[in-house]
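Q: Could you show me how to read a few local and interface features from a structural model? I would like the general idea and then the case at hand.

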Amino acid sequence: MKNSILILILFWMAGAGWLKAENPNALFAKANSYYSSGAFDSAAVYYDSILHLGYESAELYFNAGNARYRLGDIAAAIYDYEKALKLNPRFEDARFNLQLARLRTVDKMEAPKRSVISVWWRDLLRSRSADQWAVISTVMIWIAFFMALLYLFAGRRNLRVIAFFSSLFFLFLTLFVLFLNIENYRINQNSREAIVFAPNAYVKSEPGHSATDLFIIHEGTKVKVLDAAGQWYRIQLSDDKQGWIPAEAVRVI
Amino acid sequence: MRSILVIGLLLISLGAARGQQADLRAEVNKNTVEEGELLRYTLTIENGEERNLTPPAFRDFQVISSSRSSQMSVQIVNGRQEIKKTLKITYLLRPSGMGDKVIEAAELQSNNGTLRTQPIRIKVVKSGTLPKRKAPGGADVGGFPKKDIFLRASLSKKEAYRGEQLLLSYTLYFRSGISNYEMPASQLNGFWSKEVEIKKPEVKTQNINGVNYRTAVVRKLILFPQKSGELLIDPARMTVDVQYSFFDTRRIKLASNAVKLKVKDLPPGAPPEFNGAVGNFKIESTLSSEEAAVNEPLTLRLKISGTGNIQLIDLPEPQLPDDFEVYDPKINEYISTRGDVLSGTKSYEYLLVPRQRGTYKLDSLLFAWFDPATGQYKTAHTRSYEIRVSGEANKSAGGKNAVSGLSKEDIELLDQDIRYIHTETKLKRSGLSYFASTRYYVLMLAPVLLFFLLLLIRRQKMKAAGSAEMNRQKKAARKALKKLDGLAKKELNDKDYFEAIPNILWDYLGERIRLDRSEQTQEGIRRKFESLGADIARAEELESLLDNCRAAVYAPSQAGLSRSEMLERAKQWIHRFEKELQA
């Protein structure tokens with residue numbers, strides 16, 4: 001209640017142009033100072049206001065997640081940590097805090113065993129975000145380009161041989177990273193993930209409240225959204241169990 | 001063995017009192033007599049006059065004597081005084097002849113119409129054929145006539161469904177007083193049974209073929225057949241102490257008849273919930289509350305009641321999610337055999353402890369049974385509940401006992417706290433991704449395009465450079481030949497003339513095959529020619545040409561060739577060399 005009023009005030013201020021003047025970085029600093037003084041609810045509201053202004057960063061989500069964790073809203077904390085990791089998959093602190101937050105959820109699922117190669121491939125794909133992969137491939141292709149220039153215009157024969165092969169090498173590297181990039185992007189597009197926000201939810205065999213109950217999941221559990229029909233999502237858990245769940249019970253990351 | 005004293009009971013007068021209602025009854029002391037033996041026939045008139053009686057004609061009998069006795073009794077029923085008059089007329093008869101004889105009906109005119117007794121059949125056998133002093137089982141009955149006491153087993157139904165309840169009763173028929181008896185017992189194979197307790201056997205009168213018997217149901221059992229097919233209940237055996245005079249009590253053994261029962265299988269099409277309940281039931285449930293806090297126990301009570309094999313059935317178990325701890329139920333059973341029917345209630349009390357907050361469904365429970373009265377399966381269900389559990393599951397946040405299902409690594413993490421917030425960040429407009437953006441495409445495609453562009457430019461330049469060279473090469477021969485022709489026209493002395501020819505040739509070679517000044521040696525020429533793949537003869541010819549020119553300059557007397565000859569040779573060599581290069 002208190003939070004929603006504060007949000008309303010912030011929205012009003014945003015409408016009145018107060019916040020427009022306010023630099024999102026200043027808001028971030030303000031939220032951080034609220035957090036460090038222990039006012040986690042105010043901190044969370046300020047972090048949200050930055051998001052409402054249309055700005056984001058891995059650290060912003062991480063801090064917002066911390067504020068939610070401190071407030072005991074574990075589902076929202078997990079959601080924010082997942083968001084942070086989506087922007088930066090190599091965010092160690094977010095990974096650590098996510099692990100701690102997951103300890104406090106009800107559902108503990110064992111992922112089924114997969115082959116070493118598929119796990120390694122998945123880890124490789126997910127070790128960078130799509131944008132990070134894109135930056136790497138851009139850098140690679142420019143290196144390949146400059147090597148090609150060297151090959152074309154170098155006077156010395158030895159230099160030209162080295163330049164030729166390194167250009168070729170970087171070109172292949174670029175193509176490989178580009179492939180990873182596209183795969184990563186495709187996987188992310190195909191597998192939307194969501195966090196359960198309702199305290200508990202019955203997973204049904206079909207969309208519709210009268211369908212058979214298959215099992216129950218609880219708040220904070222991460223699910224994969226496979227399909228949607230009306231106000232229902234077809235979800236898959238990390239242990240491969242599937243079913244339909246009301247869309248309002250989850251929030252898509 | 002339990003035995004019941006029944007003497008007092010049996011001494012009560014058994015005349016049925018029906019107020020002022022008239023009644024007429026006839027009885028004989030035995031149905032089978034030996035020839036010449038006397039038979040006693042008694043007519044009992046209640047509330048009637050003898051003048052209205054028409055006694056039987058006794059066509060097959062000879063009336064030896066008749067006697068009368070009357071009795072009057074006053075009863076107060078519902079505050080009303082009723083007077084009952086009873087007149088007994090006893091005839092002593094002797095049957096005439098042997099075989100089946102009949103005592104005809106007696107008639108009485110009364111204020112409520114004509115009363116008529118049933119004719120009584122009497123069997124007259126040859127003297128000495130009736131066994132005396134023999135019990136039915138061959139035991140000594142001490143002069144007690146046969147069939148004066150017997151035990152009958154009877155079933156309430158001849159046909160029943162498997163699991164359907166039915167009543168087996170043992171009735172003792174007797175004419176003399178009984179001081180003591182033991183319960184009849186037999187093996188009941190294929191049945192589940194429940195004893196109906198008889199506190200005080202009720203004694204009734206029954207007239208069987210004219211003979212009045214006193215009857216008492218001595219044992220009752222409710223049976224539930226457990227298998228289908230023809231089931232046989234073996235004869236039950238019992239011992240009775242018969243008292244037929246005050247000082248003469250004898251113990252006799254009796255055996256009942258065997259009873260047959262046809263047990264039908266339950267019809268097909270049982271609902272999946274059916275688990276053997278046969279009868280008529282109803283099921284209900286109560287939940288202590290639909291609102292609860294975490295760890296606050298709730299009580300769910302399931303109750304099933306009705307008639308049938310209630311003791312043999314189990315109630316369906318409530319299906320609850322793992323978020324509830326369900327303790328083993330407390331089962332209460334109340335069974336009654338009132339009305340010779342097994343009925344009762346069975347209740348299950350479950351203790352439910354919610355462990356997580358949320359909204360949970362407790363589905364309705366289905367219970368199915370077979371109703372033998374209609375021959376159909378029936379299903380009933382309890383109501384469903386929605387339990388709202390509030391509160392916090394893990395009150396001590398991150399506390400070790402609050403969480404479950406953790407791995408070893410997780411438990412080590414429990415003591416740790418989350419990492420602190422980051423204060424440095426680069427906020428970006430959300431929704432803008434670099435990958436697949438215009439900037440990305442430009443930056444990715446630019447080097448490729450630039451590379452091809454540069455390649456193209458370089459190719460163009462090379463082409464231009466190449467054609468210039470070729471022109472120069474093509475022109476070289478023409479230029480050299482022109483120079484040689486020009487030499488003839490010039491007024492030059494021999495020395496200058498012969499010095500000019502090698503210079504023209506050097507210039508030609510310089511332009512045509514890029515022969516350096518440093519290479520203007522015999523070896524240089526040969527190496528160059530070799531690398532071009534030209535015939536080595538051309539090099540030799542060139543050398544001799546050059547030698548001739550040199551000789552003409554420094555030793556004119558020794559010169560073998562004239563100026564025009566030399567010129568011609570040089571021109572021809574150029575032609576040959578050109579031909580060779582073009583080949």
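This is a predicted model: local features need pLDDT of at least 70, side-chain atom pairs count only at pLDDT 80 or more; totals for chains, interfaces and linings use all residues.

Q: Which loop holds Asp340(B), and what is its phi?

A: Asp340(B) sits in the loop between β26 (330–336) and β27 (343–354) of chain B. Its phi is positive, near 60 degrees, in a residue other than glycine. Because Asp340(B) has 15 C-beta neighbours inside 10 Å, it counts as partly exposed.

Q: How should I read a helix, for instance α7 (residues 563–582) of chain B?

A: An α-helix has 3.6 residues a turn, so residues three or four places apart point the same way. In this case, α7(B) has 20 residues and spans 29 Å from its first C-alpha to its last, close to the 28 Å expected at 1.5 Å a residue. The buried residues of α7(B) are Met566(B), Ala570(B), Ile574(B) and Phe577(B). They lie on the same side of α7(B) because they cover an arc of only 80 degrees around the axis.

Q: What do the buried residues of α7(B) pack against, and which exposed residues are on the face turned away?

A: The packing partners are α3, α4 (494–513) and α6 (536–554) of chain B. The face turned away from the buried side carries Ser564(B), Glu565(B), Gln572(B), His575(B), Lys579(B) and Gln582(B), which are exposed.

Q: How many residues of chain B are in contact with chain A, and which elements contribute?

A: An interface can be read by its residues, then its elements. Here 42 residues of chain B are in contact with 46 residues of chain A. On the chain B side, the elements giving two or more residues are β28 (358–362), α2 (408–414), β32 (428–429) and α3 (438–489). With nine residues, α3(B) gives the most. This side of chain B comprises 20 nonpolar, 12 polar and 10 charged residues.

Q: Which strand of chain A pairs with β32(B), and in what sense?

A: Strand β1 (residues 55–56) of chain A pairs with β32(B) in the antiparallel sense, over two bridges. Within this pairing, Tyr55(A) has Arg429(B) as its bridge partner.

Technical notes. Residues are numbered from 1 along each chain as its sequence is written. Chains are lettered from A and ligands numbered from 1 in the order in which they are written. Two residues are in contact if their C-beta atoms, placed from the backbone, lie within 7 Å. Helices (H or I, at least four residues) and strands (E, at least two) are DSSP runs, numbered from the N terminus. Ala, Val, Leu, Ile, Met, Phe, Trp, Tyr, Cys and Pro count as nonpolar, Asp, Glu, Lys and Arg as charged, and the others, Gly among them, as polar. Two strands pair if DSSP finds at least two bridges between them. A residue is buried if 20 or more other C-beta atoms lie within 10 Å of its own, exposed if 12 or fewer, and partly exposed in between; C-beta atoms are placed from the backbone. The expected span of a helix is 1.5 Å times one less than its number of residues. The arc is that of the directions from the helix axis to the C-beta atoms.
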